[in-house]
Structures are given as structure tokens and as C-alpha cells.
Amino acid sequence: MEKDLISIIVPMYNAAQFIKKCITSILNQTYKNFELLIINDGSTDNSLEICNKFKDQRIKIINQENTGSEYARLTGIKLSKGNIYVLLMQMIGLPKIIYRS
């Protein structure tokens with residue numbers, strides 16, 4: 001079962017108060033075959049600095065101008081490599097919707 005690569009997509013905009021907990025909860029999952037795509041949607045706070053402190057090869061940070069969470073999610077979907085992807089709707093680290101591509 002752990003052969004499937006899961007792409008976890010987290011749109012981020014000014015999420016400094018949430019993002020560390022979100023990333024930590026994802027990295028602490030028992031399933032380890034995943035990529036974490038954090039789509040920085042033009043954050044102006046220190047969200048990006050917090051993300052850059054995590055040194056895990058599964059984390060990919062994509063920066064883009066602020067276009068809104070829907071477009072940030074679409075960016076993540078386009079760049080994902082997994083055959084299953086999870087879209088996080090809130091910055092709490094809990095998946096809300098799972099799709100199989």
C-alpha cells in the first residue's frame with residue numbers, strides 16, 4: 001500500500017500562525033511516501049521563512065503571486081507527481097478531500 005505516492009497540497013497565504021503545526025502534523029504521519037507541495041500564494045508575513053526552516057526532501061515550496069486559494073490549489077495539482085492527492089482546505093494539517101488520479 002505504501003507504494004502509492006501521495007501529493008499533499010497546501011495553499012498558503014499569510015499563515016504564519018498555522019503553517020508550522022500544519023507541516024509538522026503532515027511530517028508525523030505514519031505513511032511516509034508523500035510529497036508536500038506548499039503553494040505560497042504571495043504571503044506578506046513570515047510564513048515562507050517558517051516553511052524554509054523545515055529540511056525534508058519531500059517538501060516542495062512553490063512561490064506565486066497572490067491569485068487566491070483556488071488557483072493555488074490548481075497550481076499544486078498541476079505540479080503534483082502522486083497518483084493520489086490530498087487538498088488541505090484549512091491550515092490545520094488534516095486532509096478534507098482525497099482524490100485518486
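Is C51 buried or exposed at 0% relative accessibility? C51 counts as buried, where buried stands for under 20% relative accessible area, exposed for over 50% and partly exposed for what lies in between (1.4 Å probe, protein chains only). The views below come from a predicted model, in which local features need pLDDT of at least 70 and side-chain atom pairs count only at pLDDT 80 or more, while totals for chains, interfaces and linings use all residues. Residues are numbered from 1 along each chain as its sequence is written, and side-chain values use heavy atoms, with hydrogens and water left out.

View 1. You will find three helices and five strands here; helices (H or I, at least four residues) and strands (E, at least two) are DSSP runs, numbered from the N terminus. The protein chain has 101 residues, and 44% of them count as buried. Its accessible surface is about 6100 Å², with 54% belonging to carbon and sulfur atoms; these areas come from the Shrake-Rupley method with a 1.4 Å probe, and for residues only the protein chains shown count as cover. Among contacts (heavy atoms within 4.5 Å) with a separation of 6 or more, 69% join residues 24 or more positions apart.

View 2. C22 is in no disulfide, its nearest cysteine sulfur being that of C51. C22 is buried, at a relative accessible area of 0%.

**View 3. Strand β2 is largely enclosed by the rest of the structure, because eight of its eight residues are buried.** F34, L36, I38 and N40 point one way from β2, while E35, L37, I39 and D41 point the other way. Strands pair if DSSP finds at least two bridges between them. β1 and β2 run parallel, joined by seven bridges; in this pairing S7 has E35 of β2 as its bridge partner. β2 and β3 also run parallel, with six bridges between them, and N40 is partnered by N63 of β3.

**View 4. Helices α1 (residues 19-27) and α2 (residues 47-52) each take part in a right-handed β-α-β unit.** β1, α1 and β2 make one such unit, and β2, α2 and β3 make another. Right-handed says that, with the strands pointing away from the viewer, the path from the first strand over the helix to the second runs clockwise.

**View 5. Helix α3 (residues 69-79) has A72, R73 and G76 as its buried residues.** These residues cover an arc of only 100° around the axis, so they sit on the same side of α3; the arc is that of the directions from the helix axis to the C-beta atoms. An α-helix has 3.6 residues a turn, so residues three or four places apart point the same way. Y71 and K78 are exposed on the other side of α3. The buried residues of α3 pack against β1 (6-12), β2 (34-41), β3 (59-64) and β4 (84-87).

**View 6. I9 lies in strand β1.** I9 is buried, with a relative accessible area of 0%. Beyond its neighbours within four places in sequence, I9 is in contact with residues including L37, I39, R73, G76 and V86. S80 is another of its contacts: I9 and S80 are 71 residues apart in sequence, yet 8.1 Å apart in space, C-alpha to C-alpha.

Key
A disulfide is a pair of cysteine sulfur atoms within 2.5 Å.
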